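Please open the structure in a viewer that can select single residues and display side chains. The stops below are meant to be taken in order.

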Amino acid sequence: MRASRAYAATALACAALALSAPAAFATNGPSDVTVNPYSVHQGSTISIAATGCGHGGTVTSNAFSAVSLSAGSKGYASARINDSATPGHYNLAVKCSDNAMVATHRFTVLAGRGAHGGLGGSHGPSDMDIAVGASLVASAALGGAIFVARRRNAVGGRA
């Protein structure tokens, strides 16, 4: 009799735990959606963050391909804006994997590719740069030769 009570109590506790687990992991849907930067150039990357998607989700927009939102109390995603995206205002939609609700956020796509900062010398000199440099070296060599020749004549004339 005692064993059957222990089994019944254990089964009841396991059932209560199993039924409460989905409620503990359920979310109210995406909220607090943020984008960084708000204004982004064509071909650049935008970062998206949202809370409420404990099991992750997806982020979609007309300006970029769908990307996955990471799982956790605050999910993150990065998306590359299409090179062919028309400049203007766009909306992105965040949908959690475990909830049908969708949250949206607006951002702006700017024309052009932006500055190519940080290339660190990956572009070589132009033809004009080479011509200017060569003329400076040639004029320095000519001036040095004239200086040495005049000095040699001046020193040679005194002795």
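Begin by selecting Asp 83, which is partly exposed, with a relative accessible area of 45%. Here, buried means under 20% relative accessible area and exposed over 50%, with partly exposed in between (1.4 Å probe, protein chains only). The model is predicted: local features require pLDDT of at least 70 and side-chain atom pairs count only at pLDDT 80 or more, whereas totals for chains, interfaces and linings use all residues. Residues are numbered from 1 along each chain as its sequence is written, and side-chain values use heavy atoms, with hydrogens and water left out.

**The salt bridge**

How many salt bridges does a search of the whole structure find? The search finds one.

**The whole chain**

Now display the chain as a cartoon. Its secondary structure comes to two helices and eight strands, and the elements run α-β-β-β-β-β-β-β-β-α from the N terminus on. These elements are DSSP runs numbered from the N terminus, with helices (H or I) of at least four residues and strands (E) of at least two.

Switch to a surface view. The accessible surface comes to about 10800 Å², of which 60% belongs to carbon and sulfur atoms; such areas come from the Shrake-Rupley method with a 1.4 Å probe, and for residues only the protein chains shown count as cover. Of the 159 residues, 23% count as buried. Among contacts between residues at least 6 apart in sequence, 54% join residues at least 24 apart, contact meaning heavy atoms within 4.5 Å.

**The largest nonpolar core**

Select Ile 48, Phe 64 and Phe 107. Of the 23 residues in the largest nonpolar core, these three touch the most other members. A nonpolar core is a set of buried Ala, Val, Leu, Ile, Met, Phe, Trp, Tyr and Cys residues joined through side-chain atoms within 4.5 Å. The elements that give two or more residues to this core are strand 1 (31–36), strand 3 (45–51), strand 5 (67–69), strand 6 (74–80), strand 7 (88–96) and strand 8 (102–110). Strand 7 gives the most, with four residues.

Is Leu 92 buried or exposed? Leu 92 is buried, with a relative accessible area of 1%. Not counting residues up to four places away in sequence, Leu 92 touches a set of residues including Val 33, Val 35, Ile 48, Thr 60, Phe 64 and Phe 107.

With the same exclusion of residues up to four places away, Thr 60 touches Ala 66, Asn 91, Leu 92 and Ala 93. Draw a distance between the C-alpha atoms of Thr 60 and Ala 93: the two residues are 33 apart along the chain, and the separation is 5.3 Å.

**The disulfide**

Select Cys 53 and Cys 96. A disulfide joins these residues, with 1.8 Å from S to S; the rule asks for a pair of cysteine sulfur atoms within 2.5 Å. The pair links distant parts of the chain, Cys 53 being in the loop between strand 3 and strand 4 (57–61) and Cys 96 in strand 7, 43 residues apart. The link is left-handed, with -70 degrees about the S-S bond, and both cysteines are buried.

**Backbone features**

Most residues other than glycine have a negative phi, and most peptide bonds are trans. The peptide bond from Asn 36 to Pro 37 is cis, with omega near -5 degrees, and Pro 37 is placed in the loop between strand 1 and strand 2 (39–41). Asp 32, found in strand 1, has a positive phi of about 50 degrees although it is not a glycine. At 58% relative accessibility, Asp 32 counts as exposed.

**The surface patch**

Finish with Met 128, Val 132 and Leu 136, which make a nonpolar surface patch of about 310 Å². Patches are made of residues with over 30% relative accessible area and no salt bridge; like charges are joined within 9 Å, and nonpolar side chains (Val, Leu, Ile, Met, Phe, Trp, Tyr) within 5 Å. Met 128 is in helix 2 (residues 127–158) and counts as exposed, at 58% relative accessibility.

Conventions
Salt bridge = Lys/Arg side-chain N within 4 Å of Asp/Glu carboxyl O.
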